[in-house]
Every structure is written in structure tokens, then in C-alpha cells.
Amino acid sequence: MHNLTEVYAKYKLLIWPVVSGIASVVILVLVVIPQLLTYFNIRSQISDIISRSGRLEAKAQSLEVIDENLSEENLKLVFTVLPSDRNVPSAVTVLQSLIAQSGLTLKSTSYSAAARGASKDSFQLNVTVLGQISGVRRFLISLKDSGRVFQIESISVRFQKSGSQVEAEIPITVFYSASLGKAGALDAEPPKLNAGEEKLLLDLSRLVAPGTLAGSGEASSSSVPIGKSNPFE
Amino acid sequence: MGGISINLLPQDIILQRKQSSKLVLVNRISVGVLVTLVFFTSATGALRIMQNSELKEAENGLAYATERVTGLKSTEDKTFILKERLGLITTLVDGDQKRKEIFNLVVFLTPPDMQISEALVDKNGQLTASFSSPSLSAVQTLISNLSDKEKNSGLVAKVNLEGLSLGKDSTYRFNLKISPK
């Protein structure tokens, strides 16, 4: 006890500063610094959340503007022009009508599967037509304005010996696309049609008669019993 | 007149008083530091509590926005598919443009008195055609038209005349190989 009093008397000037210094350091290290670090962390977390909310709100607003019914109609339109399955009968019907409108006679049509290694979903219709050369020209021009995506592989025209009639063999690739894309992540930019796409939609709506519109997507097209999608198989 | 100050206290007591006043000062400073630190700690604690409510509010906002976007997912998917298909149609629709154009150009530029016996446009748009003509001037007209940049709409890169012959029926027969640009 005597010793303790002596030690206290000797170091009484140092004891309080040392004790308060140690307490200050402990409080700083264990409480204040972690609190401050967490504060700045959460600060940036809050600003991230706010900016993400802003982006999502903007996305929701731009999606709300889209007319659901118009979207459905446009989907039907693009699925008519570029169906999700082969829909060979529709392609043959469109071709037959174009051939007739061009003043040509359809001599034969044959079906063949797409060439190996073809990057896009497609099949080929080899068409042989008879008629005037001007009719063949008209037919080639009208293919662009048809209700399906056709692509001419080659053109072989032979004049008949009797007069101005020609026989033209035209292998035509008909495209479809089985893939049904899905929108990206929640944070992804909302899809928006650009001016070119709007114009294309307008052009397509002029080309495709409303009565011939397909169902939108797999679900609706599969619900209509149209028989085999590929009668040549 | 300057006053005279006389300190009659013993040196020990003076020293003890000095030490005790020093101790009081040191203790006050130590307590002051501690109090300041406690205040600072409380302030940061209060800040964190306020921040927590701010965080909760921001999270609620995010949850609401996420819910709104999720509710519009089908619209987003539809627009995405529409955009994707339109892009695909755009890339496919003009893939055969060159073939059609070169064929239509040759048919259009062929003089009326000349006849095409056979024409073949291959995948690359190269046209090979056999013609028959009653006059050489018509042949010349056709070739010059095909070579004229204004008349061929910039579609033709090269015109090759092959096997020009005159038949017994006074008809010129020849083949043309036309390469597109």
C-alpha cells in the first residue's frame, strides 16, 4: 500500500494523460475509424442504389410508353415476314401469287434443305417459271416486296425457240429464324426501335395483308393447327 | 510606486502547489480529450443511424423501381424480339440485290432487235449471257451501254465479249461475261 502511494506520487502527472491517451486510441481504433469507414462505404452504396433506381425508373418509364397492342401487332407482322418455323406452305403460296402477278407460269417447284454450313435458318425453293423476260424482271423486283424474306441464289434464263417466251430457273432461299431472343439483364438499356427499324415496320405493314398475319411467337403459331410445317419432309 | 511582495511560504509548499496546479491542468486536458472523443464517437454513431434510414429509403426506392421494370418484362421481351427480328430482316433482305440488279440491267439495256438466248447470274452476281443480233451496231450499243457508268448505274465492273461469230443466217452470236462491282 505504501509502495502504491509512492508510485502514484511519483507518476501522478503521467497517469491521467496515459490512461486518457490509451482510451482515446482504443476508442479511435475500435469505434470511430470503423464507423467512419462504414459511413463512407454506405455513402457510396447509397449513391449507387440511387443511381440504379434512377436508371430503372427511366427504363420503366420508357417501357410504359410502349403501346402493348401495337407491339403485338408488330410482332405478328415480323413473324409473318420472318417466321419462327419453316412454314413452307406460306412461302409457296406467296411465291405462287408473285409469279401469277408477274404474268409468269409456274412450271415446277422443288424443295431442298439449306446448304450445309448455312449461318441462317433457311430452306431453298427451286422455281422454274415460263413467260416473258419482262415478267421475270417484274418477279425479281416483286420478291423484295413480298411477305416473306426471299433471297435469289442465281438466275438461269433460257429463251424458248418459239418466240419471246423464256424459261427461268431461279433457286430461292427462304429464311426463317427459330431463335427467340430474350431481353438482357434488368439493368440493360431498354430496347428502342430506331428510325430505320420504324420505317422498315411501316414498309412491312404495307406489304403484308392484315388477314395473313401470323400469331406472335411460338406459342400462338403452335396453337393453330396448320399441318406439317414442311410437307416435303 | 512599486509594491513589495514578500513570499514567506516555505519552498516545499510552493513546489507542491506548482505541482498540484500542473496536475489539475493535465487532468483537465486529459478529461477534455476524452470528452471530445466521446462526443465525436456519439456524433459518428448518430450519423450512422441517420444513414441507415437513408439506406433503407434508397433500398425501398430500388425495390419499387425493380418491381416496375419486372412488371414490364413482357413488354421489354416483345420489343427486344421485334428489334432483333427487324435487324435480321434488314441484313437478309438485300443479300441478293446485286444479282437482281445486274440481271435487270442487262435485260433493260439489251436493244430491242437483239435477243438473249441464255443468261445465267451466279451467286457472286457475275452474269454470263448468250446473245444473237442481226446487226453489229446493236452489239456495239449494248457493250457501250454496259460500260457507260451513267447507264450501268455503277453496277458493272468489267464486260468481257467472248466468241463473236457471224452465222449463215446473217445473225451475230456472242457471249458476254459481266462482272459486278
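This is a predicted model: local features need pLDDT of at least 70, side-chain atom pairs count only at pLDDT 80 or more; totals for chains, interfaces and linings use all residues.
Biologist: Let's start with chain B. How many helices and strands are there in it?
Modeller: Chain B has 4 helices and 4 strands. Going along the sequence, they come in the pattern α-α-α-β-β-α-β-β.

Biologist: And what radius of gyration does chain B have, next to a compact globule of 181 residues?
Modeller: Chain B comes out at 50 Å, while a compact globule of 181 residues would be near 16 Å. Along the principal axes, the C-alpha atoms of chain B fill a box of roughly 155 × 55 × 30 Å.

Biologist: Which residues of chain B does UniProt list as "transmembrane region"?
Modeller: Residues 25-47 of chain B, according to an unreviewed UniProt entry. In the model that span is 100% helix and 0% strand, and its end C-alpha atoms lie 33 Å apart.

Biologist: OK, where does that annotation fall in chain A?
Modeller: There the UniProt annotation "transmembrane region", also from an unreviewed entry, covers residues 14-37 of chain A. That part of chain A is 100% helix and 0% strand, with 32 Å between the end C-alpha atoms.

Biologist: New topic: the two chains together. How many residues are in contact?
Modeller: 63 residues of chain A are in contact with 59 residues of chain B.

Biologist: Which element of chain A gives the most to that side?
Modeller: That's α1(A), with 27 residues. Other elements giving two or more residues include α2 (68-81), α4 (133-144) and β3 (150-152) of chain A.

Biologist: How does that side of chain A divide into nonpolar, polar and charged?
Modeller: It has 37 nonpolar, 13 polar and 13 charged residues.

Biologist: What about strands: which strand of chain B is joined to β4(A)?
Modeller: β4(A) is joined to strand β1 (residues 115-121) of chain B by 4 bridges, and the two run antiparallel. Within this pairing, I155(A) stands opposite V121(B) in β1(B).

Biologist: And helices? At what angle do α5(A) and α2 of chain B pack?
Modeller: About 80°, with the axes of α5(A) and helix α2 (residues 73-93) of chain B 10 Å apart. Angles of 65 to 115 degrees count as roughly perpendicular, so α5(A) is roughly perpendicular to α2(B).

Biologist: Why give both an angle and a distance?
Modeller: Because two packed helices are described by the angle between their axes and the distance between the axes.

Biologist: Which residues meet there?
Modeller: From α5(A), E197(A), L200(A) and L201(A) meet K83(B), L86(B), I89(B) and T90(B) in α2(B). By class, the contact of α5(A) with α2(B) has 4 nonpolar, 1 polar and 2 charged residues.

How values were computed. Residues are numbered from 1 along each chain as its sequence is written. Chains are lettered from A and ligands numbered from 1 in the order in which they are written. UniProt positions are given in the numbering used here, feature names are shortened, and annotations may be inferred rather than shown by experiment. Two residues are in contact if their C-beta atoms, placed from the backbone, lie within 7 Å. Ala, Val, Leu, Ile, Met, Phe, Trp, Tyr, Cys and Pro count as nonpolar, Asp, Glu, Lys and Arg as charged, and the others, Gly among them, as polar. Two strands pair if DSSP finds at least two bridges between them. Axes are lines fitted to C-alpha atoms, for helices over the stretch in contact, and angles run from 0 to 180 degrees between N-to-C directions. Angles under 35 degrees count as roughly parallel, over 145 as roughly antiparallel, 65 to 115 as roughly perpendicular and the rest as oblique. The radius of gyration is taken over C-alpha atoms; the globule rule is 2.2 Å times the number of residues to the power 0.38.
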